[in-house]
Amino acid sequence: MIQKATDHEASHSARALFSALQALHLRAGQPSSRQIAGRVGGLSHTTVNSALRGPRVPSWPVLAKVVAALGGDEGEFQELWAATRDHGIKSEPLPIPAADQAVEVSVFASYSHIDNDATYERISKIILGIKGIYESLTGSKVEIFKDADSIALGENWRDRIRMGLSSSSILLAFVSPAYLRSESCRQEFREFLGFLEANSKKRLIIPLLYADFDRIEARFARDELWQEIKSLQVLKLEAMRSLDPGSAEWIRALEMIAYRIEEVLSSVETEEPGDDSGYEAGEAQEFGQGLLELFAEIEETTPRFALEFERFNELINQLGEETQSRASRLAKASTFSSKLAVSKQLAEAINPIAVEAYEISERLLAIMAKWDSGVRYGIELIASKRLDIDEEDASQFIEAIGGLAETGNESLSHLETLRHTIASARGISGQLNKPLARIQQALLRFAEMAGIFQGWGNELKVLGYSRGYGM
């Protein structure tokens, strides 16, 4: 077991290595991971990205290839890498595929399991088919991240999903009413959307409509996430719910998806070397000036944000007390009329709680969605030292963002019981359904917030690891 003193030395040696890597990457003009992988051969762009960003120290063969591609001194970096080994840091066992087997496309599939089950595993078959069709049409190797299949036994499933999100080039979202009602799906989508906004030329979401558009619109016309999805270029796949896998129509639909993926990746390949930020130089400078205003706003708003979350927790506790106090009465009621009377009383008691919880979720998500791309871009600029801001201001910004992420995650960590309670109570009576639906909508918004918080936290961990700021 490594002692505390050794932990400190290990952390210091790793930070020294990643700081040197970042400096080398900057001197080389900040080529994208895909461009570096193209120069090297035998490494995927996801492996290159992991080597550059950490948090784990890559194996020496991987690091040596990246350093050589960036024009660095291999001897210098071998000494830095050896120092991390001396202090007990384990290198990540990253695979080095042969040049003709390198993964060139990473895809994360996000879907509701009920959609897959209801259509006799057709989504799983679509995902597998996309891999085969794309490789057949292009000769490129594809890696698919799918939560059920891409998570080894014993791994933390949420962390593994986030790793899949952060290393994928494409998100295929199988959108349906069930998808939009799923908190985990909304969280995945929102987290990936954050990557898209911060680095739009490197990531793209492809929404696959796995239900009739009009059916989704009728139920979610005012839903914020559905509005965002509609603004993207969607592909309609509702017919695949009943197509026979392997039929001519099925293959044509898979080819349509493969062509869309190819179109996305072709647009990435046409980028100018060094253009890795997704912003033009003039735009970045103008946005950088606006970032100082954003930093100040976040700093001033953090206490109010914390109070809003505290109030939401109070409302959840009130909801639990009201529900529990009437649960026994509802169970003891001997007639339908008496049960209806109790449910009516419960509806009247929780309705103001539901309204306030809904309003809080609406306010908080609106603020976070407004800040999201700016926060991520600010973190990126601070990490690359491209923002003219002193260490103290950078530290204050990081502390404010870290405080928000910590407060939000603590507030969201105990909502699982509430989700099950609401799901079991829906349908008892029409009067009770209305406030319960409001609370469910609030929980969906908080799930999206969780995705944003996780995105911020992941970015800060990388920054803290490479620059010395703590989380």
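Glutamate 308 is buried, with a relative accessible area of 12%. The model is predicted.

**Glutamate 308**
- Glutamate 308 is part of helix α14, which spans residues 281-332.
- Glutamate 308 counts as buried because its relative accessible area of 12% falls under the 20% cut-off.
- Its side chain makes a polar contact, at 2.9 Å, with the side chain of arginine 363.
- Apart from neighbours within four places in sequence, glutamate 308 is in contact with Ile360, Arg363 and Leu364.

**Strand β3**
- β3 runs parallel to strand β4 (residues 204-209), and 6 bridges join the two.
- Within this pairing, phenylalanine 174 stands opposite leucine 208 of β4.

**Nonpolar cores**
- The largest nonpolar core contains 39 residues. Those with the most contacts inside it are Ile298, Phe305, Trp371, Val375, Phe397 and Trp456.
- At least two residues of this core come from each of α14, α15 (336-384), α16 (391-412) and α18 (430-467).
- Helix α15 gives the most to this core, with 15 residues.
- Isoleucine 298, leaving aside neighbours within four places in sequence, is in contact with Trp371, Val375, Phe397, Ala400, Ile401 and Leu404.
- A second core is separate and has 29 residues, including Ala109, Ile123, Leu235 and Val264.

Definitions and conventions: Residues are numbered from 1 along each chain as its sequence is written. This is a predicted model: local features need pLDDT of at least 70, side-chain atom pairs count only at pLDDT 80 or more; totals for chains, interfaces and linings use all residues. Side-chain values use heavy atoms; hydrogens and water are left out. Helices (H or I, at least four residues) and strands (E, at least two) are DSSP runs, numbered from the N terminus. Buried means under 20% relative accessible area, exposed over 50%, partly exposed in between (1.4 Å probe, protein chains only). A polar contact is a pair of N or O atoms within 3.5 Å; within protein, one must be able to donate a hydrogen and the other to accept it, and residues adjacent in sequence count only if both atoms are side-chain atoms. Contact means heavy atoms within 4.5 Å. Two strands pair if DSSP finds at least two bridges between them. A nonpolar core is a set of buried Ala, Val, Leu, Ile, Met, Phe, Trp, Tyr and Cys residues joined through side-chain atoms within 4.5 Å.
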